[in-house]
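Here is a short briefing for a first look at a protein model. Please keep the sequence and the 3D view open while reading.

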Amino acid sequence: MSGKALANPDRDRGSLSESDERRLARAAAAFGRLKLTPEQLRAFPNTPGSDEEPWDVMLTLLAKDEHTALEELSDRTGLPFLPDPRLEESAARFYELVPPDIARLHHIAGLEQVGEPGSHAMIVATAQPMQPSVFQMLEERLGMPVRLALSPRGAVAGLINRGYEQQQDLVTEIVDEMPLDESAIASAAGSIGQGNDLLALARQTPVIRLVNMILFEAIRRRASDVHIHPEENRLVIRFRVDGMLVDAFSPPTSLASAISSRIKVMTELDIANRHSPQDGYTSVRVGSRKIDIRLSVIPTVYGERLVMRLLDQSQTQLNLDQIGMSDAMQAKLMDVVDRPNGMLLVTGPTGSGKTTTLYASLQKIDRKTRNVMTIEDPVEYHLEGISQMQVNPKRNVTFATGLRALLRQDPDVILVGEIRDAETAQLAIQASLTGHFVLATLHTNDAPGAIPRLLDIGLEPFLITSSLLGVLAQRLVRRTCHTCNGTGFETTDIGDKRRCDACLGTGYRGRLAVYELMEMTDTLRRLTAENADGVTLYEAAVDAGFEPMREDAMRKVAEGLTDQAEVYRVLH
């Protein structure tokens, strides 16, 4: 099998250097039962094409048609022969992970995924059975064993066409690209043509490949956001990894319009509108993982700035243990969440994991006996057993109007994505006072500061004292990498420089939350009614046993989950 026929020419370079004797032995082992004569077996390695198309050469030597030869091979090897194979939906993984040009080149098509979780296998129809290196490559791409079925070339071609047509109908396909580097960008830049037709530009194969490679590299590095930022003399692509922005690439500025147009086409935005902000949404598949992408585009003096928020549903952690909440804190939190009515606020800056904590709390609620409903902007997680409403100002669905509608749906638990104004706050409070349990987020620096914030919004003190049960504040800190124990393997010793692949040399991998939970007491209610300031409320909370966030953070430092430098960076 020629190495040039594979996606990665270096992967099977060894097959090119096999001796004729080894290829002859392989041919005899695989096809000896097809009654090749000794003369035919000896002639095989010297026949033109035996290296690249061994099965076709074998058919020529046997003087048999393809259908008959496949039937005989099936009888003598036990491999199933399927003259008219059927495509099953479970084969989607094949068409997600194997590029169509490879499938067509090697006459292979996924039929069906079989087996139980943890022991899956992919049944693959092939019209070229004598290509073991290709089947090995398939197993590596699919991450599972491959079972072969024999089918004529025309039937396999039909399967390939149907499989990739169905895949393109689902979501944009991102194939398993090689990691992006400057040489790959330079190669793509040289292949991208110029022109004024933005739609034609966005559909050029080199542009599609370049954007796919950028997204694949962002997902490989576990980025939550991709920033595409045009400057006066350069185009900068940055990834946000574990909350930190890092420069990833700096492509030529000439690629800015091509990249922007392609991403706009993916998210169904107006590619001709380059002078006003736009927001879009799409989903892509990388292997078996579905990635939701939310795009924000704004015009700047040097061109369009794009930010893509990436949400990998398969990597979402909706468990209070996994996101770093201690057992003692969980017990206090769930004591509040299990109340039949009242309100719990989760506070913190944007991107501090508030929504994740709320959904992790909802996971513990009995959703069979309690009607759980949410109003969010946007809906980030999908949880079984709850009804979720998306804010849509263009259709007059705001937090306030949506919350009014939810209250007519007989809810027991309501999650309000964010309290932004007095009307939403008033409705949330009223809901908590009329037999509903309300969870909501609010932007404040600490838990005691939530009360002055609600007063500042315009709520009456007596409404807060009657409904508020507690306030949970949180921040996200980076986890110490356990592979390299936070060192990143970086060293200054000459000749001994290494980099930890797990954390890309940063010393951190992933994040966890640090918390503080303030439960309302009679003293805090009295001070709230007196319009006390944040400092007075903070001191009263501490006197009642409130533990500031720093104490939770330092416990996690002692446990080796993070380090003091990271705590200082986040909490100062």
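This is a predicted model: local features need pLDDT of at least 70, side-chain atom pairs count only at pLDDT 80 or more; totals for chains, interfaces and linings use all residues.

Residues are numbered from 1 along each chain as its sequence is written, and side-chain values use heavy atoms, with hydrogens and water left out.

**Confidence**

- pLDDT is the predictor's confidence in each residue, from 0 to 100.
- The chain averages a pLDDT of 81, and 79% of the residues score at least 70.
- Residues 1–34 have a pLDDT below 50. Beyond near neighbours in sequence, this stretch has 62 contacts in the model. Contact means heavy atoms within 4.5 Å.
- Residues 168–172 also stay under 50. For them the model has 11 contacts beyond four places in sequence.

- Helices (H or I, at least four residues) and strands (E, at least two) are DSSP runs, numbered from the N terminus. Two strands pair if DSSP finds at least two bridges between them.
- An open sheet holds 7 strands in the order 13-12-14-15-11-16-17, with mixed pairing.
- Strand 13 (386–390) and strand 17 (508–519) are the edge strands, and each pairs on one side only.
- Neighbouring strands of this sheet are turned by 20 degrees against each other on average, direction ignored.
- Strand 11 (residues 342–347) runs parallel to strand 16 (residues 468–480), and 5 bridges pair them. Leu344 has Gly470 in strand 16 as its bridge partner.
- Helix 14 (residues 327–337) packs on the sheet. Helix 14 touches strand 11, strand 15 (437–442), strand 16 and strand 17, and its direction makes about 55 degrees with that of strand 17. Axes are lines fitted to C-alpha atoms, for helices over the stretch in contact, and angles run from 0 to 180 degrees between N-to-C directions.
- Helix 16 (residues 399–406) lies across strand 12 (372–376), strand 13 and strand 14 (413–416). Helix 16 runs at about 165 degrees to strand 12.

**Strand 5 and its partners**

- Strand 5 (residues 223–230) is mostly covered, with 6 of its 8 residues buried. Buried means under 20% relative accessible area, exposed over 50%, and partly exposed in between (1.4 Å probe, protein chains only).
- Strand 5 pairs with strand 6 (residues 235–241) in the antiparallel sense over 7 bridges. A hairpin of 4 residues joins the two strands.
- Asp225 has Arg240 in strand 6 as its bridge partner.
- Strand 5 also runs antiparallel to strand 10, joined by 4 bridges. Here Ile228 stands opposite Leu306 in strand 10.

**Nonpolar cores**

- A nonpolar core is a set of buried Ala, Val, Leu, Ile, Met, Phe, Trp, Tyr and Cys residues joined through side-chain atoms within 4.5 Å.
- The largest has 50 residues. Leu345, Val416, Ile419, Leu468 and Met518 have the most contacts inside it.
- Apart from that core lies another, of 31 residues, among them Val346, Tyr359, Val372 and Ile386.
- Leaving aside neighbours within four places in sequence, the contacts of Met518 include Ala447, Ile451, Leu524 and Phe546.

**Salt bridges**

- The structure holds 21 salt bridges. Each is a side-chain nitrogen of Lys or Arg within 4 Å of a carboxyl oxygen of Asp or Glu.
- Glu304 and Lys264 form one, with their closest N and O atoms 2.5 Å apart. Glu304 lies in strand 10 (residues 303–312) and Lys264 in helix 13 (residues 256–266), so the pair ties together parts that are 40 residues apart in sequence. Both residues are buried.
- Arg220 meets Glu217 at 2.9 Å, N to O. Both lie in helix 12 (residues 205–220), 3 residues apart, about one turn of the helix. Arg220 is partly exposed at 44% relative accessible area, whereas Glu217 is buried at 2%.
- Arg555 and Glu547 meet at 3.2 Å, N to O. Arg555 is partly exposed at 37%, and Glu547 is partly exposed at 36%.
- Glu231, Arg234, Arg238 and Asp247 are linked in a salt-bridge network.

**A loop residue**

- Pro99 sits in the loop between helix 6 (92–97) and helix 7 (100–106). Pro99 is buried, with a relative accessible area of 11%.
- Pro99 and Tyr164 are 65 residues apart in sequence and 9.1 Å apart in space, C-alpha to C-alpha.
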